[in-house]
Amino acid sequence: MDSPTTPLSVKPRDYNVNPFIVIWEVTRACALKCLHCRAEAQYQADPRQLTFEEGKRLLDQILELDKPLLVFSGGDPLMRPDLFDLAEYAVNIGLSVSMTPSATPKVTKEAMRKAKEVGLSRWAFSLDGSNAEIHDAFRGVPGSFDLTMRSIDYLRELGMPLQINTTVTRYNLQDLDNIAALLEKKGVVLWSVFFLVPTGRGQVKDMITAKETEEVFAWLYRKNKEVPFQIKTTEAHHYRRFYLQQLEKEKGTASYEDYIAQKEGGIKDLLGRAPQGVRDGNGFLFISHIGDVYPSGFLPIKAGNVREQPLAEIYRESPIFKSLRNPSGFKGKCGVCEFNQICGGSRARAYGVTGDYLASEPTCIYIPKALREKAI
């Protein structure tokens, strides 16, 4: 994706000071009833959500965090009447902004054209099945798949870069090949493969196993070499460990610099590509519709509220955020793993499964070198 702020977005930064990406849940209103919904979205907007003026003040504070990438999320961002006014303000002050709307009748050609006019960097849709049967069951509303397909075609007509987000669960695990083939036909620029975190409506029973997770990693590694679009993972930090292991097997090297070089080699679209490992609270922060600040939208441990405290102060000084940026304090195998600086596991999934956000990543099968040596 071409964006004047893209070079700024990929420069290394100290995650103790500034995040790489900020997600703002501009509203919790949404017309869908998705199986995995983090927000447990509702049909009507919460009357407590940040006002337009509060939103502008928040955008100013986000800018001060060294211009991180910004994503308008929800709920469904299009359920907010002043969305494009907020987007225009954000772009005008120098932020690179993307949006993740729900596939509802509000996704019109006019809305997409407006998004492009105000300078949104990218539009992202969710697609959780290669056909209506799988996708609509996941989204909880009949017709969602067909609307998503039409919306993708609209974006292609407008020439606006498209990202697709897919949540991997036991319900669509066997459909990933078909989804990848469909995305290739649709000309997407990036596929973000999200590994379910049991929070909101998402349940532990919906997750794939640790063994299946490793098998998906192997499939993604192969697929990334075959498809014309880029693939990244979300809430699958241990894929970085897997990727480095494959590089070591193939090239005899396993540094994180090599990982980044491999991932970014030849990629024209660097938006969303962190030059360092991002995880919940470490280079990542989430702001709810009412201004509550969390390490991510999937880790519901409140660190503060922007109505009461500056955003930078919350991110930099909160004991919660500080603990998440110190992998040596993680418990179990994550605390002693040689990959914990670049991985560290999903703190959100650890919390969702165990109730402790410092616990080990529940879907990682890897045994750290320190534990293997101890067992000898």
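A salt bridge is taken here as a side-chain nitrogen of Lys or Arg within 4 Å of a carboxyl oxygen of Asp or Glu. The structure is a predicted model, in which local features need pLDDT of at least 70 and side-chain atom pairs count only at pLDDT 80 or more, while totals for chains, interfaces and linings use all residues. Residues are numbered from 1 along each chain as its sequence is written, and side-chain values use heavy atoms, with hydrogens and water left out.

Charged pairs make a friendly place to start. Side chains of opposite charge can pair when their charged atoms come close. By the rule above, the model holds 18 salt bridges. One of them joins Arg13 to Asp66, with 3.8 Å from N to O. Arg13 sits in the loop between helix H1 (6-9) and strand E1 (21-25), and Asp66 in the loop between helix H2 (52-63) and strand E2 (69-73), so this pair ties together parts that are 53 residues apart in sequence. Helices (H or I, at least four residues) and strands (E, at least two) are DSSP runs, numbered from the N terminus. Arg13 is buried, at 7% relative accessible area, whereas Asp66 is partly exposed at 27%. In these terms, buried means under 20% relative accessible area, exposed means over 50%, and partly exposed lies in between (1.4 Å probe, protein chains only).

A second salt bridge links Arg307 with Glu54, whose closest N and O atoms are 2.9 Å apart. Arg307 belongs to the loop between strand E10 (304-305) and helix H11 (311-317), while Glu54 is part of helix H2, so the parts tied together by this pair are 253 residues apart in sequence. Arg307 itself is partly exposed, with a relative accessibility of 40%.

Within helix H8 (residues 210-223), Lys211 and Glu215 are four residues apart, a separation of about one helical turn. These two residues also form a salt bridge, and their closest N and O atoms are 2.5 Å apart. Lys211 is exposed at 57% relative accessibility, and Glu215 is partly exposed at 44%. Salt bridges with shared partners also join Asp177, Lys223 and Glu226 into one network.

After H3 comes Gly94, with a positive phi near 110°.

Backbone angles deserve a look too. Most residues other than glycine have a negative phi. Lys67, though not a glycine, has a positive phi of about 50°. Lys67 lies in the loop between H2 and E2 and is partly exposed, at 33% relative accessible area. Glu235 likewise has a positive phi, near 55°. Its place is the loop between strand E7 (230-234) and helix H9 (238-251), where Glu235 is buried with a relative accessible area of 8%.

Finally, Cys337 lies in the loop between helix H13 (332-336) and helix H14 (347-354). Cys337 is buried, at 13% relative accessible area. Apart from neighbours within four places in sequence, Cys337 is in contact (heavy atoms within 4.5 Å) with Tyr366 and Pro368. Pro327 is ten residues from Cys337 in sequence, and their C-alpha atoms are 9.2 Å apart in space.
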